[in-house]
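Subject: Structure handover

Hi,

Here is the structure I promised to pass on. Please open it first, then read my notes below.

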Amino acid sequence: MRVLDDISQAVGSTPMVRLSRVVPPPHEVLAKVEFLNPTGSVKDRIAQYLVDKALAEGRIGAGGVVLEASSGNTAMGLAMMSILRGLRCRMVVRRQTSREKLDSLRALGVELVLVDGSLPPEHPESYNRKAQVLAAEDPSIFFPDQHHNRDNNEAHYRTTGPEIWRQAEGRIDLFVAGMGTGGTVSGVARYLKEQDPRIRVVAIDVEGSVFSDHFAGRPLPAPRPYLLEGLGDEEVIGCPEFECIDAMEQVSDGEAFRAARELAAREGLLAGGSSGAALWGVRQVLARETEPRRVVTLLPDSGNRYLSTIYCDRWMAERGFLAAAGGG
Ligand SMILES: Cc1ncc(COP(=O)(O)O)c(C=O)c1O
């Protein structure tokens, strides 16, 4: 265990754990515990890669501003990298983002630009547009643009994919992961399929998002609001490499949240809603398999960020998410 020069050197090399309590044999489910990254999510990987690449290429210099639209996790990673590299950090965040995430960002000195999450994506004040608009006004700003910049995928192709391949010792039937920007599932899928083209990749979307309809070649529905943070989008964005994805599943808020609680209660893994969505997706996929399978999945962030929502009985009950639990 060497001494690190700064905490960004602790990004990646996360543990992989067998989820044998929530998915018993004969199947084997291996989960990459990404909430053990320094700021608590998988997004530290892209923050580190994008900021250090921009510095190396001279696209940003000391004292410059990093600006992004983030549901909170990328913002945390960029906040850490900004502090370490002497940059300023400004983030466009939906007002509906959990209180824990907003408080953490403020604690790391991030300047928050709060937007109304109910505005349509084409609106200049919307979550999808606001950062683009602000970045266009000031060319000195570094805008990583995690939804459209495929360097996001590249970070996972270079780090998450190879780590998974090594930890699973090259024996993987399926990779199942949530799709938010699409960076994780696309980058990992591309790497794994280069190692073994038989590996099938299933991306998890959320009810209300347009990704699944786009993937299936259906006309895009009007997006509907949902509560699950981190997955899906109201419009098709540039990062998902749909050609690397074999199938998509669409989870509901309640299914994702109840599965997250199950991970906590039965595996001791206090993870966020998109981790629950991943477990739900793994089960959907395995229910159709006739042979024992080895599945890798990924737990993007920690449940600590959702104590006032997913892990609050009253919040869950008021939205009807607990009532359904007994019925499965
Ligand atoms: C909590 C959480 N889970 C999953 C994801 C999805 O990862 P990706 O953006 O790489 O598709 C994100 C990304 O926004 C997230 O914040």
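Predicted model: local features only at pLDDT ≥ 70, side-chain atom pairs only at ≥ 80, totals over all residues.

Let me start with the ligand.

- S274: an N or O atom in its side chain lies 2.6 Å from a nitrogen atom of the ligand.
- G182: a polar atom of its backbone is 2.8 Å from an oxygen atom of the ligand.
- N73: a polar atom of its side chain sits 3.0 Å from an oxygen atom of the ligand.

How much of the ligand does the protein bury? On its own, the ligand exposes 390 Å². The protein buries 96% of that area. The ligand also takes up the space of the largest pocket.

Next, the aromatic rings. Searching the whole structure gives six aromatic pairs. One of the pairs joins Y157 and Y191. A pair of this kind is described by how far apart the ring centres are and by the angle of the planes. For Y157 and Y191, the centres are 5.7 Å apart and the planes make an angle of 75 degrees. The arrangement is edge-to-face, since the angle is over 60 degrees.

Where do the two tyrosines sit? Y157 is in helix α5, residues 151-167. Y191 is in helix α6, residues 183-195. The pair therefore ties together parts that are 34 residues apart in sequence.

Last, two spots in the backbone.

The peptide bond from P25 to P26 is cis. Its omega is near 15 degrees. P26 belongs to the loop that runs between β1 (16-18) and β2 (28-33).

D145 is found in the loop between α4 (127-137) and α5. Helix α5 is also the one that holds Y157.

Best wishes

Notes
Residues numbered from 1 in each chain as written. Heavy atoms only, no water. Polar contact = N/O pair within 3.5 Å; in protein donor to acceptor, adjacent residues only side chain to side chain. Areas by Shrake-Rupley, 256 points an atom, 1.4 Å probe, with all protein chains shown as cover. 1 Å grid on protein atoms, 1.4 Å probe; cavity = no way out; pocket = protein on both sides within 12 Å on 5 of 7 lines; lining within 4 Å. Sits in = over half its atoms within 2 Å of the grid points. Phe/Tyr/Trp six-rings, centres within 6.5 Å; stacked < 30°, edge-to-face > 60°. Helix = DSSP H or I, 4+ residues; strand = E, 2+ residues; numbered from the N terminus.
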